[in-house]
Amino acid sequence: MAKIINGKEIAEKFRNQIKERAIEIKKRGIEPHIALINTGDDPASKIYIAGKEKLAASVGISSTVHKFSNDTEENEIAELIEKLNGDEKTHAILLQSPLPRHLQFRRLVDLIHPSKDVDGLTTLNQGKLFTGEPTVAPCTPLGVLHLLHTVHENIAGLHAVVLGRSSIVGKPLAQLLLNANCTVTLLHSYSKDPPDICKTADLLISAVGKPLFIGSEFVKPGATVIDVGISRIDGSKKIVGDVDFEEVSRVAGAITPVPNGVGPMTIAYLMHNTLGLVV
Ligand code: NAP
């Protein structure tokens, strides 16, 4: 049976380090602050925002939730972002996705000043990640890398296969793995024979969003499997990942569960990145 990578426990330890750093920053007379922008009535976003608020408070970071209704005009959010950019008490700005359909995420996220872009999603910060300059990287990929390092002291030279190529997870994760000297293969919905390619992976990371998509036929015996996916079954509160945990844990060397895998790491890195933006 595979070793279970307990993201909840790992995130808890990491949060204690973040708490210590927040205390040090406060000794300098600075109150770290994150602005969370929540638009529309997506039920999952509501839960995520509440979780972020709670975690921020628990590590000593203050937060403000800026709530916009489903029919908000793009310019109203743009005005808030401009205001927060100029507010010296706000160190970090998060634009929660998904946005209602009539709003353009890329346009709005690029209004965030790169020095306050806590999830590393502005074009400038993503560009820096791809050219290898120091920057803020997106939280979920950072969390995945952290989990990989709890199993592998050194991932250089390992073959990492990432399923999914979004700007928030798959692509930045592939780049971080490349920066860590992995051999990286990035798969997407047009990729042919995903199981055959995945079976060559030492590190298999799935960020597709299809419940139980990854079965044992995708997994090389002994591989480390990280499940980023979160799907709700039939609109219920029960969440499942991309990976068929029961089946794959019989083949993999190490595996993350859902819940309590990548999710807690993502929020912990949001706090880590917030402190990183305090100058
Ligand atoms: P997304 O923007 O919908 O991207 C999904 C990606 O999966 C796309 O690149 C798509 O390819 C690819 N894909 C679809 N079918 C595929 C297939 N059969 N084989 C290989 N790739 C395939 O989603 P996302 O925002 O990256 O999120 C992915 C999942 O992670 C979701 O379940 C989301 O809820 C979850 N998530 C979890 C956390 C966390 O903290 N745990 C954080 C963020 C996201 P194309 O580009 O060709 O369409």
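## Basis

The model is predicted, so local features need pLDDT of at least 70 and side-chain atom pairs count only at pLDDT 80 or more, while totals for chains, interfaces and linings use all residues. Residues are numbered from 1 along each chain as its sequence is written, and side-chain values use heavy atoms, with hydrogens and water left out. Helices (H or I, at least four residues) and strands (E, at least two) are DSSP runs, numbered from the N terminus.

## The sheet

Strands of a sheet pair through backbone hydrogen bonds, either parallel or antiparallel. Here six strands make an open sheet with parallel pairing, in the order β1-β11-β8-β7-β5-β6. Two strands pair if DSSP finds at least two bridges between them. The edges are taken by β1 (3–4) and β6 (183–187); each has a single partner strand, so one side of each is left without a neighbour in the sheet.

Strand β5 (residues 159–163) is joined to β6 by five bridges in the parallel sense. Within this pairing, A160 has V184 of β6 as its bridge partner. Helix α7 (residues 170–179) lies across β5, β6 and β7 (203–206), and runs at about 170° to β6. Axes are lines fitted to C-alpha atoms, for helices over the stretch in contact, and angles run from 0 to 180 degrees between N-to-C directions.

## Contacts of helix α1

Helix α1 (residues 7–27) packs with helix α6 (residues 139–151) at an angle of about 105°, and their axes are 11 Å apart. The two helices are therefore roughly perpendicular to each other. Angles under 35 degrees count as roughly parallel, over 145 as roughly antiparallel, 65 to 115 as roughly perpendicular and the rest as oblique. Contact means heavy atoms within 4.5 Å. On the α1 side G7, I10 and F14 take part, and they meet H146, L147 and T150 in α6. By class, this contact of α1 with α6 has three nonpolar, three polar and no charged residues. Ala, Val, Leu, Ile, Met, Phe, Trp, Tyr, Cys and Pro count as nonpolar, Asp, Glu, Lys and Arg as charged, and the others, Gly among them, as polar.

The axes of α1 and helix α2 (residues 43–59) come within 8 Å and cross at roughly 60°, and α1 and α2 are therefore oblique to each other. R15, I18, K19 and A22 of α1 make this contact with L55, S58 and V59 of α2. The contact of α1 with α2 has four nonpolar, one polar and two charged residues by class.

## Cysteines

A disulfide is a covalent bond between the sulfur atoms of two cysteines. The search used pairs of cysteine sulfur atoms within 2.5 Å, and it found zero disulfides in the whole structure. For C182, the nearest cysteine sulfur is that of C198, 15 Å away.

Buried means under 20% relative accessible area, exposed over 50%, and partly exposed in between (1.4 Å probe, protein chains only). C182 is buried at 5%, and C139 counts as buried at 1%.

## Backbone in the loops

The peptide bond from S97 to P98 is cis, with omega near 5°. P98 is in the loop between β4 (92–95) and α4 (105–109). Another cis peptide bond runs from V258 to P259, with omega near 0°.

P259 sits in the loop between β11 (254–255) and α10 (262–276), and N260 lies in the loop between β11 and α10. N260 is not a glycine, yet has a positive phi of about 75°. With a relative accessible area of 33%, N260 is partly exposed. D193, in the loop between β6 and α8 (194–198), is not a glycine either and has a positive phi of about 55°.
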